[in-house]
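User: I am new to this one. Can you put it up and take me through the side chains?

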Amino acid sequence: MGSGPHGALRLLLLLLAPLSRVAAGCPAPCHCAGTLVDCGRRGLTWASLPAAFPPGTTELVLTGNNLTALPPGLLDGLPALRAAHLGANPWRCDCRLLPLRGWLAGRPERAPYRELRCASPPALQGRVLPYLAEQELRAACSPGALCRGALAVQLVLLGLGLLHALLLGLLLSRLRNLRSRNRAAPDLSLRALLEAEAAEVSTSSAEQPISD
């Protein structure tokens with residue numbers, strides 16, 4: 001191996017090569033051929049879907065699985081992706097499908113995705129996914145995991161807001177009490193001095209002898 005800058009660069013490339021192969025590796029249980037990643041008909045669900053795909057993927061096949069939705073950002077994280085085959089999946093058209101609907105809306109052509117139809121809920125069954133409005137997906141959102149999570153976050157924020165208001169009220173009440181005590185303290189001291197002086201005068205008068 002050469003010395004100098006070229007040797008150091010060659011060594012760095014050798015060290016980084018295994019990492020790059022791992023990052024760009026074909027995810028199980030898919031089959032990869034060049035930039036095509038085939039994960040079709042493997043019984044994949046939301047839970048068993050690979051968390052990431054090679055960043056250079058240009059064609060992704062997810063046909064014929066048991067997918068009801070895709071994790072947010074899964075397709076957006078593939079900048080080279082030109083086509084995604086998503087048919088023959090039981091898509092549930094509710095709020096969890098908003099990321100996929102957003103990705104489809106950014107495609108130059110929607111015709112290749114006309115086979116994507118809603119399997120549920122009943123109100124949207126058979127509808128073509130790319131042509132659904134965002135409001136329809138939000139309206140069909142049942143209290144599933146994502147929706148319950150959003151509701152839980154809102155409730156937590158509301159609870160924190162109420163707790164903040166309660167603590168602020170207690171603090172203001174404490175400050176008012178302290179101010180009232182500070183204002184009353186001089187009056188009490190003056191009153192105590194006057195009472196002590198009056199008591200001293202009374203004692204002095206009582207001690208003086210009565211002259212005949």
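**Side-chain contacts**

Analyst: The count comes to 4 salt bridges, each a side-chain nitrogen of Lys or Arg within 4 Å of a carboxyl oxygen of Asp or Glu. This is a predicted model, where local features need pLDDT of at least 70, side-chain atom pairs count only at pLDDT 80 or more, and totals for chains, interfaces and linings use all residues. Residues are numbered from 1 along each chain as its sequence is written, and side-chain values use heavy atoms, with hydrogens and water left out.

User: Which residue forms a salt bridge with Arg 92?

Analyst: Asp 94, with the closest N and O atoms 3.1 Å apart.

User: Is Asp 94 buried or exposed?

Analyst: Asp 94 is buried, at 4% relative accessible area, while Arg 92 is partly exposed at 25%. Buried means under 20%, exposed over 50%, and partly exposed in between (1.4 Å probe, protein chains only).

User: New topic. How many aromatic pairs are there?

Analyst: The structure holds 1. Trp 103 and Tyr 113 sit edge-to-face, 5.9 Å centre to centre with 85° between the planes. Rings of Phe, Tyr and Trp (its six-membered ring) pair if their centres lie within 6.5 Å; planes under 30 degrees apart are stacked, over 60 edge-to-face, the rest tilted.

User: What lies over the face of Trp 103?

Analyst: Arg 107, at 4.1 Å from the ring centre. The rule asks for NZ of Lys or CZ of Arg within 6 Å of the ring centre and within 35 degrees of the ring normal. Arg 96 lies over the face of Trp 46 at 5.0 Å.
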